[in-house]
Amino acid sequence: MTERRRSIGSWIEGARAAGVDLGRPGERMGLPREGTGAVAGYGRRLGALVIDWLIALAIAAALAGALHVGPQTRSLLTLLVFGVMAWLLTGLVGTTLGKRLCGLRVVRLDGRPVGPFWALVRTVLLVLVVPALIWDRDYRGLHDRAANTVVVRL
């Protein structure tokens with residue numbers, strides 16, 4: 001019975017609990033373990049997301065006040081502002097205001113700039129939320145995998 005419990009526990013706890021070595025995040029992509037260019041952790045990414053969302057909320061509130069729109073429209077306006085802000089800033093400079101403040105940037109794995117098209121693909125999937133919640137062992141959400149990008153530390 002103990003062997004069965006251990007195998008069930010390893011399934012619940014993940015592959016590392018079963019003794020599988022998955023390597024460190026970013027190792028398969030040739031990224032450093034720490035410092036500049038290392039894969040960004042969850043904490044910094046979440047902090048950047050909160051900052052970007054607060055900025056989008058402030059802009060949407062100002063626009064909603066000027067346009068005299070209701071609360072439901074304001075929510076959609078916030079999402080739209082967030083999406084446009086993330087798309088343009090990521091596509092043009094590789095980072096949003098929140099990411100910059102948290103010391104992060106978005107890079108393509110092939111070394112080229114993210115660019116407007118791949119930033120748009122990434123942003124559309126990001127605002128759908130679910131793809132951003134499904135991560136791989138390199139801390140890349142489906143939105144990053146689709147755009148062939150990774151979020152790294154500055």
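Leaving aside neighbours within four places in sequence, His143 touches Arg45, Arg122, Leu125, Leu126, Pro131 and Ala132. The model described here is predicted. His143 belongs to helix α7, residues 142-147. With a relative accessible area of 3%, His143 counts as buried, because the cut-off for a buried residue is under 20%.

Ala132, one of the residues touched by His143, has its own contacts beyond four places in sequence: Leu125, Leu126 and His143.

In soluble globular proteins, nonpolar side chains tend to be buried together. The largest nonpolar core of this model has nine residues: Ala56, Ala60, Ala64, Leu77, Val81, Phe82, Met85, Leu126 and Ala132. Helices α2 (42-67) and α3 (71-93) each contribute at least two residues to this core, and α3 gives the most, with four. A second, separate core holds eight residues, among them Ala40, Cys102, Leu104 and Val151.

## Helix α3

Helix α3 has 23 residues, and at 1.5 Å a residue they should span 33 Å; the end C-alpha atoms lie 32 Å apart, which agrees. The buried residues of α3 are Leu77, Thr78, Val81, Phe82, Gly83, Met85, Ala86, Thr90 and Gly91. An α-helix has 3.6 residues a turn, so residues three or four places apart point the same way. The buried residues of α3 pack against α2, β1 (104-108) and α5 (115-127). Just after the helix, Gly94 adopts a positive phi of about 80°.

## The paired strands

Strands β1 and β2 run antiparallel and are joined by five bridges. Val107 has Val150 in β2 as its bridge partner. Strand β2, residues 149-153, is mostly covered, with four of its five residues buried.

## The cavity

Rolling a probe the size of a water molecule over the atoms shows where empty space is left. A search of the whole structure finds one cavity of 30 Å³ or more.

| Feature of the largest cavity | Value |
|---|---|
| Space | About 50 Å³ |
| Lining residues | Leu49, Asp52, Phe82, Ala86, Thr90, Thr96, Lys99, Arg122 and Leu126 |
| Elements each supplying at least two lining residues | α2, α3 and α5 |
| Largest share of the lining | α3, three residues |

Phe82 and Leu126 belong to the largest nonpolar core and also line the largest cavity. Arg122, another lining residue, is in contact with His143.

How values were computed:
Residues numbered from 1 in each chain as written. Predicted model: local features only at pLDDT ≥ 70, side-chain atom pairs only at ≥ 80, totals over all residues. Heavy atoms only, no water. Core = buried A, V, L, I, M, F, W, Y, C linked by side-chain atoms within 4.5 Å. Buried < 20%, exposed > 50% of the residue type's maximum accessible area, 1.4 Å probe, protein only. Contact = heavy atoms within 4.5 Å. Expected span 1.5 Å × (residues − 1). Pairing = 2+ DSSP bridges. 1 Å grid on protein atoms, 1.4 Å probe; cavity = no way out; pocket = protein on both sides within 12 Å on 5 of 7 lines; lining within 4 Å. Points joined across faces, edges and corners; volume = space filled by probe spheres on them.
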